[in-house]
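Welcome to a short tour of a protein fold. Have a look at the chain below, and then we can walk through its helices, strands and aromatic rings together.

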Amino acid sequence: HRAEELSRTSMRLALTAARLEKRNQELDQFAYVVSHDLKAPLRAIANLSQWLEEDLNDCLTEDTRQQMDLLRGRVHRLEALIDGILQYSRVGRVAVQPETVSVEALLHDIIDTIVPPDFPIEIATPMPTLKTERVPLEQVFTNLISNAIKHHDRPAGRIQITAADHGDRYEFAVTDDGPGIDPQFHDKIFGIFQTLEPRDKVESTGVGLAVVKKIVERQGGTIRVESELGQGATFRFTWMKEPSEGSG
């Protein structure tokens with residue numbers, strides 16, 4: 001009797017796994033269709049506005065040129081939003097092999113790529129080397145560093161990155177000296193499509209921190225923000241030293 005029950009349970013699990021695999025394939029196909037079918041006409045709109053501007057060059061006023069720039073800005077915003085939604089939907093559904101990652105080298109790669117010279121970044125050493133999926137960790141740091149720069153209230157600022165050993169995991173912290181975040185909004189900022197500033201003031205889809213939270217939690221970690229208005233912000237997240245079960 002026990003053998004028959006185990007056999008039935010095994011068959012149900014296999015059927016469920018097959019259905020999940022099929023659903024994931026359908027989601028991937030949907031993501032491709034959304035990306036292609038929505039972004040192609042957006043690019044066409046941007047191109048058409050450029051051609052119109054060139055054809056009507058002698059007739060355009062400064063106001064009209066600004067309107068054309070606004071139109072293309074909205075197109076780029078929509079493209080970024082589509083990319084953000086697709087990125088959010090794919091977290092945890094693409095298997096990646098863990099590798100040995102030097103966090104210090106990873107941070108220097110990110111800094112060389114996205115950080116302007118007016119934002120010196122202090123990396124507390126030594127930074128750990130751990131076995132993990134490189135790309136998700138890179139996404140988390142890239143988002144947190146770029147947010148610190150994008151939402152800063154001055155054209156120059158300082159960012160500090162630290163690491164603390166917590167046994168089976170590390171706690172990383174990204175601290176800036178920007179405008180800070182009112183404690184009443186600390187939970188809101190991790191929600192998808194949430195931004196605290198008007199999109200015309202700071203170009204943001206409101207997807208970035210939602211992706212970060214999803215990645216960190218999938219890796220078995222947590223993330224939180226410590227901040228007061230006018231006192232900068234610190235984003236702390238934990239990351240397992242070894243890949244956790246089910247993170248692949």
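## Overall layout

Read from one end of the sequence to the other, the protein runs α-α-β-α-β-β-α-β-β-α-β-β. That pattern holds five helices and seven strands. Please keep in mind that this is a predicted model.

The protein has 248 residues, of which 35% count as buried. If you take the contacts between residues at least 6 apart in sequence, 72% of them join residues at least 24 apart.

Let us turn to helix α4, residues 134-150, and helix α5, residues 208-218. Their axes lie 9 Å apart, and the helices pack at an angle of about 145 degrees. The crossing of α4 past α5 is left-handed.

Which residues in α4 and α5 meet? On the α4 side they are Pro136, Gln139, Val140, Asn143, Leu144 and Asn147, while α5 brings Gly208, Leu209, Val212, Ile215 and Val216.

## Aromatic pairs

The count of aromatic pairs comes to six. One of the rings to look for is Phe141, whose centre is 5.2 Å from that of Phe237; with the planes at 70 degrees, over the 60 that the class requires, the pair is edge-to-face. Because Phe141 sits in helix α4 and Phe237 in strand β7 (residues 233-240), the pair ties together parts that are 96 residues apart in sequence.

## A cluster of rings and a lysine

Phe141 and Phe237 turn up again in a cluster, where ring pairs link them with Tyr170, Phe172 and Trp239. Where does Lys241 lie relative to Tyr170? Lys241 is over the face of the Tyr170 ring, 5.0 Å from the ring centre.

Definitions and conventions
Residues are numbered from 1 along each chain as its sequence is written. This is a predicted model: local features need pLDDT of at least 70, side-chain atom pairs count only at pLDDT 80 or more; totals for chains, interfaces and linings use all residues. Side-chain values use heavy atoms; hydrogens and water are left out. Axes are lines fitted to C-alpha atoms, for helices over the stretch in contact, and angles run from 0 to 180 degrees between N-to-C directions. Helices (H or I, at least four residues) and strands (E, at least two) are DSSP runs, numbered from the N terminus. A crossing is left-handed if the near helix is turned anticlockwise from the far one by less than a right angle, and right-handed if clockwise. Contact means heavy atoms within 4.5 Å. Rings of Phe, Tyr and Trp (its six-membered ring) pair if their centres lie within 6.5 Å; planes under 30 degrees apart count as stacked, over 60 as edge-to-face and the rest as tilted. A charge sits over a ring if NZ of Lys or CZ of Arg is within 6 Å of the ring centre and within 35 degrees of the ring normal. Buried means under 20% relative accessible area, exposed over 50%, partly exposed in between (1.4 Å probe, protein chains only).
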